[in-house]
Amino acid sequence: MLGRTIFIDPGRCIGCQACVSACRECDSHRGKSMIHLDYPDEGHTVASLPTVCMHCEDPVAPCAEVCPAEAILITADGVVQEADPTRCIGCANCVNACPFGVPKIDLEAKLQMKCNLCYDRTSYGLAPMCATVCPTGALFYGTVEELQAERPGVDVSTMFAFGDTVVSTGVAMVVPGERRTPVPGGMLNLIEVNGRPTPGNGARA
Amino acid sequence: MAGTAPPPQGRPIGDSQVEGGAPGVVASTTRTTAVRASLIAGAASVLLVVAIVLGSRLLRDFDSALVPYAVATVFLTFGVVYRYVVWVSAPAARRMFVQGWKAALSWENLKRSPAALPKMIATYLGFQKFLGARSHARWAAHQLIFWGCLLAAAITFPLTWGWFTFTSASAAGPGYEMRLWGLRLFGFDSGSFLGWALYHGLDLAAVMVIGGAGYFLWRRMRDRAATTGQRFGYDFLPLLALITISVTGLLLTFSEMFLHGGGYEFLAILHMASVVLTLVYLPFGKFFHIVQRPAAVGMQLFKYTARRKGSDDQELQACKRCGQPIDTVAAVDNLRATMRDLKLGFDEWAEYCPRCKRVLRGTAYLSNVKRGFK
């Protein structure tokens, strides 16, 4: 099973932005938040979704694979690090290749930045900043056994379907116990959500 | 994330293989690249040896005391070219390499904006403006190291190859002549400021490098952003090497000026050993960024020229969902081709901006995995 990692449960997220503030305090990217908090159906539901780097395992780190400067290192513990500032040329290949929409880029500084699972903390056994402050457990750091002891009946998935491709990740998402298929990474031809048309994709908002 | 992922659920994961083809195919591709890289690197090294022999007028001007340095530069050439060829053979780097050179060598681009390339070389490679956007202190320290090393290399490489020689202008006077490949460049008075600067160019370079490298070393020990995940061989060794070279180099001058040459031979060997080891290490560690960095210029020129084609807006790829510009059309196409090379089967997602990718995933999770509140 999974080792210690982050488990994301969007169903618990209340969109309070505590994780965004806490992320800013991380020593490896002081003052800049790497976590994304999105409101997928804003104005219609209060649903929100926190996104940290999923630390893809298979295919291993697409961001690193498409990097022309060999700037993204994957440490032996499976953590996909942010770009090495010495090498990063700021081409944004990783930003646009990541199917989860994780990396950020500073075009002035020619530097990519992304969640590194608070490597300054997790490599010493501490929980990442976001999981430490999350008031609802939408971001949980620990083992899957610890998670299930607190939340009976839930399961986790590290499989995400992008079209016909399934990406397996090091960070997991919480799914209902009976679920056996990969979590959808998004439906590109999605026309309607909850009976309303989505903007783009041929339908007008 | 120690441990393994849970067993495949539903669809098998076999369709998301990292490497294309069978293991045998991958191994043979790697071998072909290694052979090609060795051949090109070997040819480059031979070329340098020929240039050394010819440039030193058939070794007449070659200083045999500097043989270890000259040999190290031949090894350096082999290492750098080998590593470079392997690097640009990987799919992502190869495509960016081709696009960068296409943009740089395009006659049309040159006609339309002749200043673009020289300007980018000056800002990215010379003055490194992007470093200033990261941190002013790091920019200043890096500029000191950069110009210091450049000055030192410009002086020492031609000297060790026997390309530079200094001859006296007359039998009696203080006049000196500097020659390149035996041809007179200019004459100067050995007592003049120019003479002093020429003799002490390396001392000046050493002071600059010690200042810059010293700051970075201090930062490596104090700054928590820098200390996260730092490695001795990658992060400390280059700084220690630069400082060792500079300090032993300055000590040579010190020995000559104040100790009447005391300990000079030992110091010379120490200095030589530190330089040779650094040159041989250069292609493999942090220093390889010196060779890689021009890719930033190629990448920027590629994007810049793509944006200038036709009207400005047409050449930007808009997110298919929200319409915000993602990147130039050429850059997105280049990335998608790279992803297909790498058998990453989700290049279609590159047509969406990062936020829309997250929102699409969130929406799918809401409607497909856990129904949210309505």
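Author: Start with burial. A residue is buried when its relative accessible area is under 20%, exposed when over 50%, and partly exposed in between, with a 1.4 Å probe and protein chains only. By that rule, 66% of the 205 residues of chain A are buried. For the 374 residues of chain B, the buried share is 43%.

Some ground rules come next. This is a predicted model, in which local features need pLDDT of at least 70 and side-chain atom pairs count only at pLDDT 80 or more, while totals for chains, interfaces and linings use all residues. Residues are numbered from 1 along each chain as its sequence is written, chains are lettered from A and ligands numbered from 1 in the order in which they are written, and side-chain values use heavy atoms, leaving out hydrogens and water.

Along the principal axes, the C-alpha atoms of chain B fill a box of roughly 95 × 55 × 45 Å.

Now the domains. Chain B has domain 1 at 26-89 and domain 2 at 309-367, with bounds from an automatic or database domain assignment. Over C-alpha atoms, the centres of these two domains of chain B are 42 Å apart.

Contacts follow. A contact means heavy atoms within 4.5 Å. Take the contacts in chain B with a separation of 6 or more: 58% join residues 24 or more positions apart.

Last, the surface and the charges. Chain B exposes about 19800 Å², and carbon and sulfur atoms supply 68% of that area. Such areas come from the Shrake-Rupley method with a 1.4 Å probe; for residues, only the protein chains shown count as cover. Chain B carries 40 positive and 21 negative side chains, with the centres of the two sets 10 Å apart. Lys and Arg count as positive, Asp and Glu as negative; His and the chain ends are not counted. Each charge is placed at NZ of Lys, CZ of Arg, CG of Asp or CD of Glu.
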